[in-house]
Amino acid sequence: MLVLTHGSPAHEAQRRTFKVLHDFGLGAQERRGLVVLGDGFERFGPIAGVVCTPEAMAVIAAHEITGADGYLFAPLRGGWTIGGRPALVDGSGTNPVPQVDAAAKQIVAAARRGGLDPGYVQAILVLDGPITGIAQPETQRGGGVAIVPLSPEGLRQAVDVASTNREPGLASIWTTADVIELLQVLGFDARDLDVQLLTAEGFPYSPYVLRPTSTDDVPFSRPESTPRATRALRHLSDRPGGLSIASVLGAAAGDQRPTGPVPQVTPPLRAAPVEAPPPTGPAALLVDPEHEPEPRRSPWRWLVPLLALAVLVAAIWIGATTLLGDADKPDADTVPSSAAEGDGPPAGGSESDPSEPGPQEAGGYTFQQTAADQVQDCASHAFGQAGDFLAEHACTSMERAIYLTTVDGKQVVISLAEVQMPDAGSAAELKALLDTEGTGNVNDLLRENKAPEGSPPKEVLGDSEYASSVDGEQVRIVLAAYADGAAPTAKVDAAADAALALKISPR
């Protein structure tokens, strides 16, 4: 990567970020692209600089995390915590995401006022400090904001995020003229920047700006739904005379610091042969298939026809049982008075269980508990990284239950697990781990074949909605899915959230 500076890194987190990126080396030794860091970007907001790859661009911010060590729970909205305790970001408890997103919008607005279309601008937050991992709610991942640790692997992931074009339709590749124009618009005198260095970083050579924009574009960093006006290509020498940094930066024009040539601080370390410039022309503007997002497919979709057949057979069996039971049922006027008062078997001919828990109301849904158990060894009833964590941090007990409810006229099965940890810190760490996709979970009763006969098959929870909560030492985990294996909906997700308030009755 080609690493340049504008001003100086503002603090230690920025300086360490600069060093890790600098050690990647030029060209494709680690990742291709251009990074510009320094306090010259403070006019736009709390960001350290910009990242450009041939596919897309992003703003980058670097922050110091203090206050505690462990897993960082970092939602896009709301406070950040480590082990249930507030995490300090640069000495305060403020979530930096909204300010970084606002700075990205300022970058987009400045570029468009300067006549350049920046496309979909993403945000990268690099975090330095005693954190062992970063967890985000699953629904907030891939939303144009990447939060990564300050490490070579974390910054490789950050550059991969910057290389992902999320705009709909055919993507527009960043050329050498586009990159030079962007630096000019952001306040640099980059006319003397060596074009060969840019082509070695994968930017196709072009004397023309291939990303012009019209003045009526909306200056925001999210994809636009309305068609854009026709844009004409222009040569770098066609810039309108008298265009000043103040006119481009708008309200931020009060910063009048001199902006001289950008120092090329990256020496040709670990010299590698300069790659030939990628092909230009229409072929160079096509989307690289490597970056096309793969569709997410559930491994349980093929079971839907089998589950539908199983439901049909179960319905026939239940109907036949009901008809046979009605044939043996006595007339109403011959039922003993003790049965009418609830002392004998109910009218259906089967004996009731006085310990059967009654229905519970929560969130507008009615839940009926059908199974429950309690165990002391949580690690043997969990899998993946969750099982490893519980083996190292033993729980004090775990209660589990299965519930049934109805959503839009269809039966929904709910699994609830209530894990008691020895302290609030380990409970918060367990929740952060479970909230991270691909880290395993505790077993539900369907998975362990402990649900009563006639319960939905265990496979239905393979494609389920997830919810969790932590209250002191107690962690609650919910899975919810349609009993017939249909894809879950937003209402099933709402039922999962409501189930967090249920009480588990012993069986």
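Predicted model: local features only at pLDDT ≥ 70, side-chain atom pairs only at ≥ 80, totals over all residues.

Student: Where is Asp-90 found, and does it count as buried, partly exposed or exposed?

Tutor: The loop between strand E8 (88–89) and H2 holds Asp-90. Its relative accessibility is 42%, so Asp-90 counts as partly exposed.

Student: Which residues does Ser-397 touch, leaving out those up to four places away in sequence?

Tutor: Ser-397 belongs to strand E17, which covers residues 397–407. Its contacts beyond four places in sequence are Gln-374, Val-375, Gln-376, Cys-378, Glu-418, Val-419 and Gln-420. Ser-397 counts as buried because its relative accessibility is 13%, and the cut-off for buried is under 20%.

Student: How should I read the chain as a whole?

Tutor: Start with the totals. The chain has 11 helices and 21 strands. Its length is 507 residues, of which 46% count as buried. The accessible surface is about 24400 Å², and carbon and sulfur atoms account for 56% of that area. For contacts with a separation of 6 or more, 71% join residues 24 or more positions apart.

Student: How many residues has the largest nonpolar core, and which have the most contacts inside it?

Tutor: This core has 51 residues, and Leu-34, Trp-80 and Ile-147 have the most contacts inside it. Elements giving two or more residues include strand E1 (2–5), strand E2 (34–37), strand E9 (122–128) and helix H4 (176–185). Helix H2 supplies the largest share, 8 residues. To follow one member, take Ile-147: beyond four places in sequence, it touches Ala-74, Leu-76, Trp-80, Val-97, Leu-125, Leu-127, Ile-134 and Gln-136. A second, separate core has 22 residues, among them Ala-401, Ala-496, Leu-502 and Ile-504.

Student: Which residues of helix H3 are buried, and what covers them?

Tutor: Helix H3 spans residues 152–162, and its buried residues are Gly-154, Leu-155, Arg-156, Ala-158, Val-159, Val-161 and Ala-162. Their cover includes helix H1 (12–22) and the strands E3, E4, E9 and E11.

Student: How is empty space inside a model found?

Tutor: Rolling a probe the size of a water molecule over the atoms shows where empty space is left. In this structure there are 4 cavities of 30 Å³ or more.

Student: What volume has the second largest cavity, and which residues line it?

Tutor: The volume of the second largest cavity is about 40 Å³. Ser-415, Ala-417, Asn-441, Val-442, Asn-443, Asp-444, Ile-477 and Leu-479 form its lining. Strand E18 (410–420), strand E19 (441–442) and strand E21 (474–482) each give two or more residues to this lining.

Student: How do the residues of that lining divide into nonpolar, polar and charged?

Tutor: The lining of the second largest cavity has 4 nonpolar residues, 3 polar and 1 charged.

Note on methods:
Residues numbered from 1 in each chain as written. Heavy atoms only, no water. 1 Å grid on protein atoms, 1.4 Å probe; cavity = no way out; pocket = protein on both sides within 12 Å on 5 of 7 lines; lining within 4 Å. Points joined across faces, edges and corners; volume = space filled by probe spheres on them. Helix = DSSP H or I, 4+ residues; strand = E, 2+ residues; numbered from the N terminus. Nonpolar A, V, L, I, M, F, W, Y, C, P; charged D, E, K, R; others polar. Buried < 20%, exposed > 50% of the residue type's maximum accessible area, 1.4 Å probe, protein only. Contact = heavy atoms within 4.5 Å. Core = buried A, V, L, I, M, F, W, Y, C linked by side-chain atoms within 4.5 Å. Areas by Shrake-Rupley, 256 points an atom, 1.4 Å probe, with all protein chains shown as cover.
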